[in-house]
Structure formats: C-alpha cells, structure tokens
Amino acid sequence: MKEFPLEYNNLEIDPVIFTQGFVPGCNVKTCRGECCDWGVYMDRDFKTVVMKFEEEIKSVMDENQIKNSSKWFEKELEEDTDFPSGQAAGTELYKTPSGHNQCVFKDKRSYCSIQVAAVKNNMHKWAIKPKYCIMYPLTIIDDVLTYDDDHSSKLSYCGIKHKQNFTQTVFEAMTEEIRFIIGEDGYNHLNDYFIKHYKPKA
Ligand code: SF4
C-alpha cells in the first residue's frame, strides 16, 4: 500500500526530504568523509562493474589502503530486495595508521578511490561509484526515497543531531545527486512539488 502522495516511476517520495535540514554541501575537508566509515552495500552485479576497473582503482590508492582486491568486499552476499539482483555486496573496512576504521576505498585525504579513478580515466565522477554512496544522506528503502536517519545519527557534522550546521533542506542540497539517480524529469517532478508545498514564499 502506498504511504506517500508523491511518486516518480514507482519510487515513492518520503516528504521528509523536503523538510530535513542539511549542511551547505558535502565537504570532505570539513567532515573527513565520515559517512564512508562504515563502508557501503552495492548490488551484487555492480561489484563486477567496480572490479572491471580494479587496476585503475589500485593505481590511485595510497600507501595505507589494501591493494589485494580479494579483501575489498565481504565474502557473504546479503539478501536485500532494495537491490535489482536481490543481493547486496558490502565493502570491507580497513584500519588506518591512526587506528581509525574506514571503507577500503576511502583514502588518507578522505576521497573515494573509485571516484578518483573514474575522474582520472575521463569517466563521469559517479560512473562506477555505488549508488548509495552517491545518494547519502538520501537512501532508498522498500522503494521509498527517504532520508537516512539511522546512518545520519552517527555523524558529527552533517548528521541529524547537528542542527546548528544546517543551512538548507536535504532536497535543496542534493539536486545534482537526485538528477543523477532519477534523471532530469524526475528531479523536475519533485522540484515542482517542493516549490508548491514546502519552499518558503518570498
Ligand atoms: S565506496 Fe567510496 S564513497 Fe562509498 S563508502 Fe567506500 S569510500 Fe565512501
């Protein structure tokens, strides 16, 4: 049963994305990519896409990152209907020299080696990046586009507990990401709704 009035291409839109606050934008210099410290799940088949660029990714990793690609992903797949194949592959974590756990793909500058490799090889910056990494703090759960309050509650800059840092809504902050995930028409559909129902009148 549908829970929310707005949808696009069978994706329901939780209106929380139009009201939840967020920071001016993702800025790893400020947050040190804290959202990457638990790794990420991607579709089982997307792991194959990432692995096609194994050498390119290794070539941009720093001296602390794990170059042995057999240690990049969890051995067991997770059953998860939020992914097209019905199974998700999780990235592994590694410990930095300072003892901090983070995604195997996060480098010492807090950049994602998958994204760095894509840019270096003239691809779109998100061409081979897992969808849920692109989307954060948005997420899709049971075909609903919503705010990832669970993950957000752990974060010390942009997270839900840090209202003092908020300058805009998640929807306004994530325009590029939403366009990438659901396309220009999808974004325009959501933006019309935002302007009509949520945007403060000038
Ligand atoms: S794959 Fe890249 S963006 Fe995603 S959690 Fe790992 S380092 Fe972060």
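Buried residues account for 26% of the 202 residues in the protein chain; a residue counts as buried if 20 or more other C-beta atoms, placed from the backbone, lie within 10 Å of its own. This is a predicted model, so to speak of local features takes a pLDDT of at least 70 and side-chain atom pairs count only at pLDDT 80 or more, while totals for chains, interfaces and linings use all residues. Residues are numbered from 1 along each chain as its sequence is written.

As for secondary structure, the protein chain has 8 helices and 11 strands, which are DSSP runs (H or I, at least four residues, for helices; E, at least two, for strands) numbered from the N terminus. The radius of gyration, 17 Å, is close to the 17 Å that the globule rule gives for 202 residues, so the protein chain is as compact as a globular protein of that length. Here the radius is taken over C-alpha atoms, and the rule is 2.2 Å times the number of residues to the power 0.38.

The chain splits into domain 1 (1-31 + 135-202) and domain 2 (41-129), with bounds from an automatic or database domain assignment. Where they touch, domain 1 puts in 5 residues and domain 2 puts in 4, contact meaning C-beta atoms, placed from the backbone, within 7 Å.

Now for some strands. Strand β4 (residues 41-43) runs antiparallel to strand β6 (residues 87-90), joined by 3 bridges; pairing takes at least two DSSP bridges. D43 has A88 of β6 as its bridge partner, and E78 also stands opposite A88.

Key:
Contact = placed C-beta atoms within 7 Å. Buried ≥ 20, exposed ≤ 12 C-beta atoms within 10 Å, placed from the backbone.
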